Amino acid sequence: MQVLRTVSETRAAVRALRAGGRSIGFVPTMGALHEGHLSLVRAAKAGSGAVVVSIFVNPTQFGPNEDFAQYPRTFEADCAALEREGVDLVFAPAAEEMYAPDASTFVDVEGVSGRLDGASRPGHFRGVATVVAKLLNIVGPDRAFFGQKDAAQVAVLKRMVRDLNLPVELVVCPIVREPDGLAMSSRNRYLSAEERRQALVLHRALNEVQRMAESGVTAARDLIATAEAVLAGEPAVRVDYCKIVDPDTLEDVADVQNGVLVAVAAFAGTTRLIDNLVLPSAHHDLS
Ligand code: AMP
């Protein structure tokens, strides 16, 4: 497995991988890898010839009072895990390699970027869209793999790829959870034992929405009220948003008959957690 730090080396290495006739699958990450990330790597391996993973904690997607400095960095362990998965190439640039000091070009996906997490984290999706556009330009993959965990990010990036005619197929992979239901996240390691227990309320709220929807309730207002009631049962958890939206535009919908995204963001202590559910769900385990 090659671990490269520069754009030019990475371009050359991808060219060499392609020369053997292999297609390229790409998984962008910020490191601190867990099974959620590795599920994307496995999907990329299953569907593409060679697999490229980037590890880059992108400064432009963090707000001034967010956790950029504290964000977990576990580079050695990440590389060991990726090597075990049979990854071909890791691109791990320094911030200076990605951004000239006077960089002044950004990708702004208007509208969707201001909804859900974008409403709470101004500028976040501008940073995400810009770095993903850059990474796609550097790696030039056939397919790029993203997690449904970050559903608003998926909406922003799908639109960017469409609007800019980027020659890549986006593949969205399901949310990977801990055995008790908590969606895996690099930020889960910030949680105290008490917060870790409280954090389960997000999954409980979504489960209750799914149960109600499957019993025939279609009014978004009623489903949101139910989710909010479940969330209120854990008063230490501060809800940022709890919404039912169109998965492409992220705009509120009134009923859930036509494929919607139920999305929740909340703070356990100072840690911001997100989770979501797509309705109607493809499968369910309720009897
Ligand atoms: P991050 O390192 O947090 O930027 O995440 C990198 C990629 O992994 C993104 O496409 C995320 O949506 C995806 N991801 C993060 N957590 C999970 C999870 N629990 N299940 C599936 N994908 C995930």
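Which element gives the largest share of the shell around the ligand? That is α2, with 3 residues. Let's walk through the fold and then return to this site.

A word on the model comes first. This is a predicted model, in which local features need pLDDT of at least 70, side-chain atom pairs count only at pLDDT 80 or more, and totals for chains, interfaces and linings use all residues. Residues are numbered from 1 along each chain as its sequence is written, and side-chain values use heavy atoms, with hydrogens and water left out.

Now the overall fold. The protein has 10 helices and 9 strands; these are DSSP runs numbered from the N terminus, with helices being H or I of at least four residues and strands E of at least two. Its radius of gyration is 19 Å, close to the 19 Å that the globule rule gives for 287 residues, so the protein is as compact as a globular protein of that length. Here the radius is taken over C-alpha atoms, and the rule is 2.2 Å times the number of residues to the power 0.38. The C-alpha trace spans about 55 × 40 × 35 Å along its principal axes. Of the 287 residues, 52% are buried, meaning under 20% relative accessible area (1.4 Å probe, protein chains only).

Back to the ligand. It is surrounded by 17 residues, and the closest are Met30, His37, Asp150, Val176 and Met184; a residue counts as near when one of its heavy atoms lies within 4 Å. By type, the shell divides into 9 nonpolar, 6 polar and 2 charged residues. In this scheme Ala, Val, Leu, Ile, Met, Phe, Trp, Tyr, Cys and Pro are nonpolar, Asp, Glu, Lys and Arg are charged, and the others, Gly among them, are polar.

From histidine 37, a side-chain N or O atom is 2.9 Å from an oxygen atom of the ligand. The protein covers 92% of the 490 Å² of accessible area that the ligand has on its own, by the Shrake-Rupley method with a 1.4 Å probe. Two or more shell residues come from each of β2 (24-29), α2 (35-47) and β5 (143-147).

Histidine 37 lies in helix α2 and is buried, with a relative accessible area of 13%. Leaving aside residues up to four places away in sequence, histidine 37 touches Thr29, Gly31, Ala32 and Ser186, where contact means heavy atoms within 4.5 Å.

Notes
A polar contact is a pair of N or O atoms within 3.5 Å; within protein, one must be able to donate a hydrogen and the other to accept it, and residues adjacent in sequence count only if both atoms are side-chain atoms. Buried means under 20% relative accessible area, exposed over 50%, partly exposed in between (1.4 Å probe, protein chains only).
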